[in-house]
Amino acid sequence: MPLLVYVSREKRPEHLHHFKAGALNVLLRVSGVISNSPYILGLDCDMYCNDPTSARQAMCFHLDPKISSSLAFVQFHQKFHNINKYDIYDGRFRSLHCVQWQGMDGLKGPILSGTGYYIKRESLYGDFTHTDIDILELKDTFGKSNVLINSLHQSYKRNNANGENFSSVLRQETEVLASCSYEHQTKWGEEVGILYQSVLEDVFTGFILHCKGWTSTYLTPFRPQFLGISTTNLNDLLIQGTRWGSGLTDVGLSRFCPLLYGPSRMSLLQSMCYGESSFFPLLYCLPLWCLATLPQLCLLNGISLYPEVSSPFFTVFSFIFISAICKHLQEVISTGGSIYAWRNEQRIWMIKSVTAHFYGSMDAILKLLGLRKASFLPTNKVLDKEQVKRYEMGQFDFQTSSMFLVPMVSLMILNMAALLCGFIRIIAVGNWDKLFPQLLLSLYILIINFAIVEGMIVRKDKGRISPSAILLSSVFFMIFLFFGSIILM
């Protein structure tokens, strides 16, 4: 039987524990003095191995003499066993796994995803595995544990000759390595191990590995190697999205900004891929907020924002809008999706942009300004039977915080008011040629997000949008309309 060791690290309020990254570094140190395996499997607690040959498949790349010396990790495709045919929350992450990662695999490899990967231990230790490194420098970097420092050398093997006495000594050593104060005045999380710059430690660590010249590869066998649990309610989806948005923006706004730090260390195309990943929360939330508010506010005040339908410039606007929709639809169809999946992705993109991406970006900016401390809200791993039942029926579950509901509902009220007033204005005044584009935009937003309108007006079950959230959103809508109209005047 293989050796199985359960590790519980020490935590104290006065010591930073660095969330998941800190836990991974503890496991890295403890496993280094127990087994010192050259390769490590990273797997989240809600995932399980679906194919026992995953290690063998990963080793085909890690042990390939042509690429082994530079290969840091093998990343498997993330798949989930609880996604139904509706996939209303876009749990497959199709655009990420089937488009972006496939493209990056043609460069130096995909992003480190945080689960479902086999990583080389040496890549996390940097250049400190060489035998000619000064012992004092090693202790300044890895800490005071002599056993851990000895394990850095490939010739290190655990000595079992002393039986129980050695086991006792080894246990004491691992307790020191798992203590909350061990990393004090060391380079853990800064130069070695999983890095602490962002709460999205996997993406940042993968980026730095690629900057150092390491490569990765993306493995997508027909049989899923690992299966996990996807989010099946809106609350978990948006909490997860907020954390990811904050972590990605952390990287984009730091001194390790991929667009500035990357080009001299990797190809321009790969830097652009990492840059898009780092800035997409900001790049999505700001334009979406403008697109969902400014044309509608102008429509309510009778102001034409786009070229008239009879103008040649209207063709340009129409071409850009339709081509963007068709490009997304083509990606969905070409990767095995449907029009229904395209609509779901459009809706989740809009919902996340005005909520999770917005809050995540603001969180990162506040941390940068020193106005907020880093936080890590884990996704709920316990399934609620009623929520699962609604998910299986393809119904949204709107049991979430008002901070997520109010922006969504306020924008739906704004677009409904703009659509209604726009029709009345066109019938009364007859200037449809000027206001038609704004009217069409509000109609498109409402059609894509009909599930939210349904949760506001039609549904009466427990998963509907609560009357208190609708009332609060109405107040926000009136305040926005009042001050917006004054500014436009």
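I began with terms: I call two strands paired if DSSP finds at least two bridges between them. Helices (H or I, at least four residues) and strands (E, at least two) are DSSP runs, numbered from the N terminus. I kept in mind that this is a predicted model, where local features need pLDDT of at least 70, side-chain atom pairs count only at pLDDT 80 or more, and totals for chains, interfaces and linings use all residues. Residues are numbered from 1 along each chain as its sequence is written, and side-chain values use heavy atoms, with hydrogens and water left out.

**Entry: strand β3**

I found that β3 (residues 71–76) pairs with β5 (residues 117–120) in the antiparallel sense, over three bridges. In β5, Y117 is the bridge partner of Q75. With β6 (residues 215–219), β3 pairs in the parallel sense over five bridges, and L71 stands opposite T215 there. I also checked the cover: six of the six residues of β3 are buried (under 20% relative accessible area; exposed is over 50%, partly exposed in between, with a 1.4 Å probe and protein chains only).

**Entry: a three-stranded sheet**

Next I looked up an open sheet with mixed pairing, in the order β2-β7-β4. Its edge strands, β2 (48–49) and β4 (79–80), each pair on one side only. I saw two antiparallel bridges between β2 and β7 (residues 226–228), with F226 as the partner of C49.

**Entry: Q270**

Is Q270 buried or exposed? I found Q270 in helix α11 (residues 268–300), and Q270 is buried, at 0% relative accessible area. Leaving out residues up to four places away in sequence, Q270 touches M104, L107, K108, G109 and H210 (contact means heavy atoms within 4.5 Å).
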